Amino acid sequence: RKTVLELDAVHTKSMGYSLIERYGLFADRKEYEKLGQVWPIRVTLPSLAILHLAEYEMLVSTGMKPDAVIGHSAGETAVLYASGSGSKELVVELSVARGKSMSLMEDKEGTMAAVNCSPEEVQQYIDEAIAELGPGQLEIGCYNTPDAITLSGPAKHIDLAVAKADAAGIFARRLRTCVAVHSSMMKLCEEEYLKLSAEVFERYGVDEPTTAVYSTKTGEFWNQPFS
């Protein structure tokens with residue numbers, strides 16, 4: 001709770017409003033229901049960052065400390081603090097920068113879907129959707145487990161691939177997002193993200209990690225500067 005309140009104040013300073021006061025997030029209220037089924041990415045990413053940091057602080061307070069850390073997707077921001085490379089304030093402001101830049105994607109008709117099958121199996125549904133609907137940036141966005149992946153790309157292609165998987169008896173569900181994260185569609189907001197994130201790193205800077213970090217892209221030890 002202490003961490004959430006501390007970091008909500010950082011968000012308020014950066015964005016001009018409190019996630020707790022405006023939406024009831026992290027509080028015993030239901031204002032967050034006003035956000036609807038699909039939350040704006042500018043709310044989702046800072047909320048996740050604050051939750052990740054609060055969970056980390058809670059675990060550390062019990063005496064648990066990691067031997068190594070790994071940050072995936074929204075967790076790529078929180079890992080900066082967990083690794084000892086940057087401050088909590090840096091993480092929140094970086095998540096705000098991510099949210100602002102990815103907001104540019106919210107009218108591009110993208111989305112994501114969870115599909116419980118292997119990458120080889122889901123490729124069939126990707127190929128069939130593209131064959132029926134024409135070219136589209138429908139891709140595997142995340143390899144979650146050997147038998148669970150996340151698709152990312154144009155909503156119409158996602159919906160068709162989900163329908164085909166479902167018809168084959170495979171669990172498939174569209175996610176509550178209108179941003180095709182982890183797909184090549186993200187190139188559309190790359191320039192804005194690089195600009196905004198560079199401004200954050202200029203204000204805060206980073207240090208060498210004090211806890212080992214491994215890359216979610218390669219699985220290898222991360223030995224490059226975060227910024």
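**The second largest pocket**

Modeller: Two helices, α3 (41-61) and α5 (88-102), each supply at least two residues of the lining of the second largest pocket; helices (H or I, at least four residues) and strands (E, at least two) are DSSP runs, numbered from the N terminus. The model is predicted, so local features need pLDDT of at least 70 and side-chain atom pairs pLDDT 80 or more, while totals for chains, interfaces and linings use all residues. Residues are numbered from 1 along each chain as its sequence is written, and side-chain values use heavy atoms, without hydrogens and water.

The volume of this pocket is about 450 Å³, taken as the space filled by probe spheres set on grid points joined across faces, edges and corners. A pocket is an open set of points on a 1 Å grid over the protein atoms alone, where a 1.4 Å probe fits, with protein on both sides within 12 Å along at least five of seven lines; lining residues have an atom within 4 Å of a point. Among the 21 lining residues, Thr44, Leu48, Ser73, Met112 and Thr177 are the closest to the centre. The largest contribution, four residues, comes from α3.

Ser73 belongs to the loop between β1 (68-70) and α4 (75-82). Although Ser73 is not a glycine, its phi is positive, about 55°. Ser73 counts as buried, with 18% relative accessibility, because buried means under 20% relative accessible area (1.4 Å probe, protein chains only).

Notes
Buried < 20%, exposed > 50% of the residue type's maximum accessible area, 1.4 Å probe, protein only.
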